[in-house]
Amino acid sequence: MARPTLKEHVINREWCKGCGICVYFCPRDVLELDGDDKVVAVRPKDCICCMMCEQRCPDLAIEVITERKEDG
Amino acid sequence: MAVKDYIRERFFPHMWCAGCGHGTVLNGMLQAIEALGLSKNEIVMVSGIGCSSRISGYVDFHTLHTIHGRALAFATGVKMSLPKLNVIVPMGDGDALSIGGNHFIHAARRNLDMTALVMNNRIYGMTGGQFSPLSGLGVIATTAPYSNIDHDFDVVEMATAAGATFVARTTSYHVRQIKEIIKKAILHKGFSVVEILSQCPTYFGRKNKLGSAVDMMAAMKENTTPIGSKAKKENPDLIERGIFVQKDLPVYNEEYDKIIKRAQAAGK
């Protein structure tokens, strides 16, 4: 079975308003707000691609790009 | 198509405040429409006035941004003239239940085939934080600085009593449920009402000392429960989420077509 694995988080810094919803509700603590109050993926290796940040973002400012890799 | 293909990117970033729940409603609704594979040309979004109603400007469907409380009346005209279109009517709590209260109950009673979204943040955000018919007893608002003495409507009970044939509720925290419920609401033949509890950190949250948008969303998780859950029996104060009503009844536009045929036959 192929399962989705993380390629990258695409963050639109123009649209992000720094509300912190994605940061707080991330189950793996992958995201943080930087000094400009914009979201950054600081621990991308911990991402489980649950997509909740992308789906909850009120500003449509974050996309989780995945790719499918064969297991084993 | 991706979610981004359904929006008018030139108007982004949108005008809603940081952490406004209405953006998450937009996000969830777009996911539902994408999952249904609807074309932009088969959807008409009709909205009234308020923060919520600005949603129609951001989506790349046929859109009508109309007058306060009367979105359902305009939507009725659209549906009657082109019944094959999917009509979605996003409204705020004040827009839907106060200014548009009569339009709301009678659209439900007629069983017009359309989807009404009530984006309920319990406040008039755009005009500066006045209390709405959904604010509830004890709430602080700009127009209720010593707390509100009005009781609130229960949108689900009201829509059910008025005859809506699909009635559901969810919150901006539960975005996957927003997607699933809006999918079903759009597919439902008849008047669908979806109440989505949404946070207004700028007015409702600040006035009532509820913390940030994140705190308000965490509270939605804590204060709601699926319909008929064990938790609800133990704590009756919890607000139920899910689909309360789903039934088939004749829809207004089809009944009207039958009347036209009957009148034409009688005239011959």
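# Helix H1 and selected residues of chain B

Modeller: Helix H1 of chain B (residues 21-36) has 16 residues, which at 1.5 Å a residue should span 22 Å, and its end C-alpha atoms lie 23 Å apart, which agrees. The expected span is 1.5 Å times one less than the number of residues. Helices (H or I, at least four residues) and strands (E, at least two) are DSSP runs numbered from the N terminus.

Biologist: What kind of model is this, and how are residues numbered?

Modeller: It is a predicted model in which local features need pLDDT of at least 70 and side-chain atom pairs count only at pLDDT 80 or more, while totals for chains, interfaces and linings use all residues. Residues are numbered from 1 along each chain as its sequence is written, chains are lettered from A and ligands numbered from 1 in the order in which they are written, and side-chain values use heavy atoms, with hydrogens and water left out.

Biologist: Is H1(B) mostly covered or mostly uncovered?

Modeller: H1(B) is mostly covered, with 13 of its 16 residues buried. Buried means under 20% relative accessible area, exposed means over 50%, and partly exposed lies in between (1.4 Å probe, protein chains only).

Biologist: Which residues does His22(B) contact?

Modeller: His22(B) is in helix H1 of chain B, and it counts as buried because its relative accessibility is 1%. Leaving aside neighbours within four places in sequence, His22(B) is in contact (heavy atoms within 4.5 Å) with Trp16(B), Cys51(B), Ser52(B), Met119(B), Asn121(B) and Ser198(B).

Biologist: What happens just after H1(B)?

Modeller: Gly37(B) takes a positive phi of about 70° there. In the segment before H1 of chain B one finds Pro13(B), and the peptide bond from Phe12(B) to Pro13(B) is cis, with omega near 0°. Most residues other than glycine have a negative phi, and most peptide bonds are trans.

Biologist: Which residue other than glycine has a positive phi near 90°?

Modeller: That is Ser147(B), with phi near 90°. Ser147(B) sits in the loop between S4 and H6 of chain B and, at 30% relative accessibility, counts as partly exposed. Lys209(B), also not a glycine, has a positive phi of about 50°. Its place is the loop between helix H8 (201-207) and helix H9 (213-223) of chain B, and its relative accessibility of 77% makes Lys209(B) exposed.

Biologist: Where is Thr143(B), and what does it touch?

Modeller: Thr143(B) lies in the loop between strand S4 (114-120) and helix H6 (155-162) of chain B. At 44% relative accessibility it counts as partly exposed. Beyond its neighbours within four places in sequence, Thr143(B) is in contact with Gly129(B), Gln130(B) and Phe131(B). Thr143(B) and Phe131(B) are twelve residues apart in sequence, with their C-alpha atoms 6.4 Å apart in space.

Biologist: Turning to the whole chain, how many helices and strands are in chain B?

Modeller: Chain B has eleven helices and eight strands. Its radius of gyration is 18 Å, close to the 18 Å that the globule rule gives for 268 residues, so chain B is as compact as a globular protein of that length. That radius is taken over C-alpha atoms, and the rule is 2.2 Å times the number of residues to the power 0.38.

Biologist: What share of chain B is buried?

Modeller: Buried residues make up 53% of the 268 residues in chain B. Among contacts in chain B between residues at least 6 apart in sequence, 66% join residues at least 24 apart.
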